[in-house]
Amino acid sequence: MIKVLLFAQIRERLDCAQVDISTDKPSTTPATIAELKTLLAQRGDLWHLMFAEQKVLSAINKVMSSDESPIQAGDEVAFFPPVTGG
Amino acid sequence: MSTANTRIRILEDAFDPAAMSAEMTASNITRSTTGSTTRSTTGSHTGSTTENNTHGALVTFTGMVRDLVENPVNAMLLEHYPGMTERALEAIINKARERWALGDINITHRVGMLYPGEPIVFVGVSSAHRREAFEACQFLMDYLKIEAPFWKKEFTPDGEHWVEAKSSDADAARRW
């Protein structure tokens, strides 16, 4: 299973803080961040808006990642808007 | 280089930046006077003969919640990614330590609800000479602004909105 965490306005607009992605079927399991974004974009219009059209950053196991980064079962993936701390 | 300490704090409650600064200065005094009981202009000084005390400069930065006439803010919510926040700040500090010879580094950042004027972030850096401390402090802030997983939501008289990341922040970090 891949645990997906959503933050800030992404979580708010989708009204969803966490999605668990099954990794039972390797053929349909996303292998990269980009593939995971594509999968999430299919969940609905608002999801498509968020994941296909906005700038969304990602982290894998709490380390910043990019669209090409590989993911595997057991990973914790986070999606969030560009950060605004400090 | 004498011992260099790193402190990263993510705090739910208000902190006093003056106390943070005093803490860094005090630990430097402790470091300098360990072992010596008298201060004099002559005679042997046992304070730091085993290692150099190279903390000659301390630079601190404090960021606070703005409340401007043209952009009034009632309150600000700071969200973060527990676990990644600390790691990201550690990584930024490591980058700074690779670039400059630095002493103590303290990064303290609030999360939760904040009000106008309240400190959001404190960055303190000590080094042997002031140039490294000034540069590293700016570097740490520039990188925190683009890499540390915090998100701000403003509550204003006209409603609430999430703050947008600024391209000027990305530009500032790129300059390094």
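**Exercise 1. Work out whether Thr156(B) is buried or exposed in this predicted model, and what its side chain reaches.**

Step 1: get the accessibility. Thr156(B) has a relative accessible area of 15%.

Step 2: compare that with the cut-off. Buried means under 20%, so Thr156(B) counts as buried at 15%.

Step 3: Thr156(B) sits in strand β7 of chain B, which covers residues 150-156.

Step 4: look for a partner. The Thr156(B) side chain reaches the backbone oxygen of Gly159(B), at 2.8 Å.

**Exercise 2. Sketch the make-up of chain B: how many helices and strands, in what pattern, and what share of residues is buried?**

Step 1: count the elements. Chain B has four helices and eight strands.

Step 2: read them off along the sequence. The pattern goes β-α-β-β-α-β-β-β-α-β-β-α.

Step 3: Chain B has 176 residues, and 43% of them count as buried.

**Exercise 3. Find out which side chain of opposite charge is nearest to Asp75(A), and which side chain Asp75(A) makes a polar contact with.**

Step 1: Asp75(A) is in the chain A loop between β4 (63-65) and β5 (76-80).

Step 2: The side chain of Asp75(A) makes one with the side chain of Asn61(A), at 2.9 Å.

**Exercise 4. Describe the largest pocket: its volume, its lining and the residues nearest its centre.**

Step 1: start with the space itself. Rolling a water-sized probe over the atoms shows where empty space is left. Here the largest pocket comes out at about 1,200 Å³.

Step 2: list the lining. There are 50 lining residues, and those nearest the centre are Pro82(A), Val83(A), Thr84(A), Lys145(B) and Ala165(B).

Step 3: sort the lining by type. It splits into 27 nonpolar, nine polar and 14 charged residues.

Step 4: find the top contributor. Helix α2 of chain B (residues 84-99) gives the largest share of the lining, six residues.

Methods. Residues are numbered from 1 along each chain as its sequence is written. Chains are lettered from A and ligands numbered from 1 in the order in which they are written. This is a predicted model: local features need pLDDT of at least 70, side-chain atom pairs count only at pLDDT 80 or more; totals for chains, interfaces and linings use all residues. Side-chain values use heavy atoms; hydrogens and water are left out. On a 1 Å grid over the protein atoms alone, a cavity is a set of points where a 1.4 Å probe fits but cannot get out, and a pocket is an open set with protein on both sides within 12 Å along at least five of seven lines; lining residues have an atom within 4 Å of a point. Grid points are joined across faces, edges and corners, and a volume is the space filled by probe spheres set on the points. Helices (H or I, at least four residues) and strands (E, at least two) are DSSP runs, numbered from the N terminus. Ala, Val, Leu, Ile, Met, Phe, Trp, Tyr, Cys and Pro count as nonpolar, Asp, Glu, Lys and Arg as charged, and the others, Gly among them, as polar. Buried means under 20% relative accessible area, exposed over 50%, partly exposed in between (1.4 Å probe, protein chains only). Lys and Arg count as positive and Asp and Glu as negative; His and the chain ends are not counted. A salt bridge is a side-chain nitrogen of Lys or Arg within 4 Å of a carboxyl oxygen of Asp or Glu. A polar contact is a pair of N or O atoms within 3.5 Å; within protein, one must be able to donate a hydrogen and the other to accept it, and residues adjacent in sequence count only if both atoms are side-chain atoms.
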